[in-house]
Amino acid sequence: MELHSEVAGEGPAVALLHEGICDSRMWDSQWEMFTRSHRLLRFDFRGFGRSPLDEGKFSNARDTIELLDRHGFEQFALVGVSLGGRVALEVALAAPERVSALVLVGSGLPGHDWSDEMKATWDKEEAALLAGDLDAAVEVTLRTWVDGPRRKPADVDPQVRARVAEMQRRAIELQLPFEDSAEEELLVEDVADRLGEIEAPTLVLVGEEDVEDMHRVADTLATSIPGARLATIAGAAHVPSLERPAAFDALVRPFLADALG
């Protein structure tokens with residue numbers, strides 16, 4: 001499987017792992033800023049952006065490690081959002097000697113007990129997909145993850161909504177044909193039970209306007225990973241690097257500078 005990837009910049013190595021409602025284009029702002037001081041890798045997971053999906057089982061975490069190897073990243077920091085955060089946790093536990101730092105943004109966590117509200121949202125999205133209404137399915141995603149539970153669409157930058165909508169629709173189009181024939185397997189199945197093993201300096205971030213489940217996961221990560229720091233980004237939901245890039249960068253860049261030297 002040939003995954004779309006890009007490498008640029010010089011300095012300590014950092015891999016940017018996108019979330020499940022976006023693809024590697026979500027990092028455009030950070031790509032310009034962070035390559036001034038770091039060697040960066042960004043790529044599209046299978047079934048996102050410019051990476052295809054195929055039948056069979058696969059592991060996003062294994063794909064990540066193989067790409068890092070291919071591009072010569074021996075030691076690196078991982079900046080992961082949502083799905084990307086969960087993958088970063090797997091990599092940190094599978095190859096702890098290689099991970100220099102972790103930034104976990106609205107991170108996923110295997111085994112999290114999702115709220116009834118989130119389950120109802122996924123049911124609504126699935127119903128739209130079964131009806132063949134991709135626009136409605138994308139709008140469910142935007143209302144849930146980009147707007148958040150306390151804001152209306154008019155409260156959010158329309159360009160941010162439009163960019164996420166484009167990336168999410170692309171992912172749906174790639175993934176729908178393989179809905180029943182492609183399956184992701186966890187490289188590390190007991191992530192939640194092993195958070196205390198993580199030794200890399202860790203920054204946990206969550207958008208102030210994100211859903212309550214993400215705040216609960218962030219609290220769990222911050223209390224379970226030794227020495228982890230927790231910070232909230234005001235005026236943002238689940239895509240803070242897109243919605244509030246200056247605030248995101250102001251937290252992440254100094255943390256990486258301290259952690260990586």
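Predicted model: local features only at pLDDT ≥ 70, side-chain atom pairs only at ≥ 80, totals over all residues.
Q: Which element gives the most to the lining of the largest pocket?
A: With 5 residues, the top contributor is α4.

Q: How much space lies in the largest pocket, and which residues are closest to its centre?
A: The space in the largest pocket comes to about 1300 Å³. Its lining counts 37 residues. The ones closest to the centre are Gly20, Phe48, Leu83, Gln175 and Glu184.

Q: How does the lining of the largest pocket divide by class?
A: Here Gly counts as polar, and Glu as charged. On that scheme, the lining of the largest pocket has 19 nonpolar, 10 polar and 8 charged residues.

Q: What is the volume of the second largest pocket, and which residues are closest to its centre?
A: The second largest pocket has a volume of about 230 Å³. It is lined by 16 residues. Closest to its centre are Glu117, Gly148, Pro149, Val211 and Glu212.

Q: Which helices each supply at least two residues of the lining of the second largest pocket, and what is its make-up by class?
A: α4, α5 and α7 (212–224) each supply at least two residues. Sorted by class, the lining of the second largest pocket holds 3 nonpolar, 5 polar and 8 charged residues.

Q: Are α2 and α3 roughly parallel or roughly perpendicular?
A: Helix α2 (residues 60–70) packs on α3 with the axes 9 Å apart and an angle of about 70°. Angles of 65 to 115 degrees count as roughly perpendicular. So the arrangement of α2 and α3 is roughly perpendicular.

Q: Which residues make the contact of α2 with α3, and is the crossing left-handed or right-handed?
A: On the α2 side are Asn60, Ala61, Thr64 and Ile65, and they meet Leu83, Val87, Glu90, Val91 and Ala94 in α3. Those residues divide into 6 nonpolar, 2 polar and 1 charged. As for its hand, this crossing is right-handed.

Q: Are α4 and α5 roughly parallel or roughly antiparallel?
A: Their axes come within 8 Å and cross at roughly 160°. Anything over 145 degrees counts as roughly antiparallel. Therefore α4 and α5 are roughly antiparallel.

Terms used:
Residues numbered from 1 in each chain as written. Heavy atoms only, no water. 1 Å grid on protein atoms, 1.4 Å probe; cavity = no way out; pocket = protein on both sides within 12 Å on 5 of 7 lines; lining within 4 Å. Points joined across faces, edges and corners; volume = space filled by probe spheres on them. Helix = DSSP H or I, 4+ residues; strand = E, 2+ residues; numbered from the N terminus. Axes fitted to C-alpha atoms, helices over the stretch in contact; angles between N-to-C directions. Parallel < 35°, antiparallel > 145°, perpendicular 65-115°, else oblique. Left-handed = near helix turned anticlockwise from the far one by under 90°. Contact = heavy atoms within 4.5 Å.
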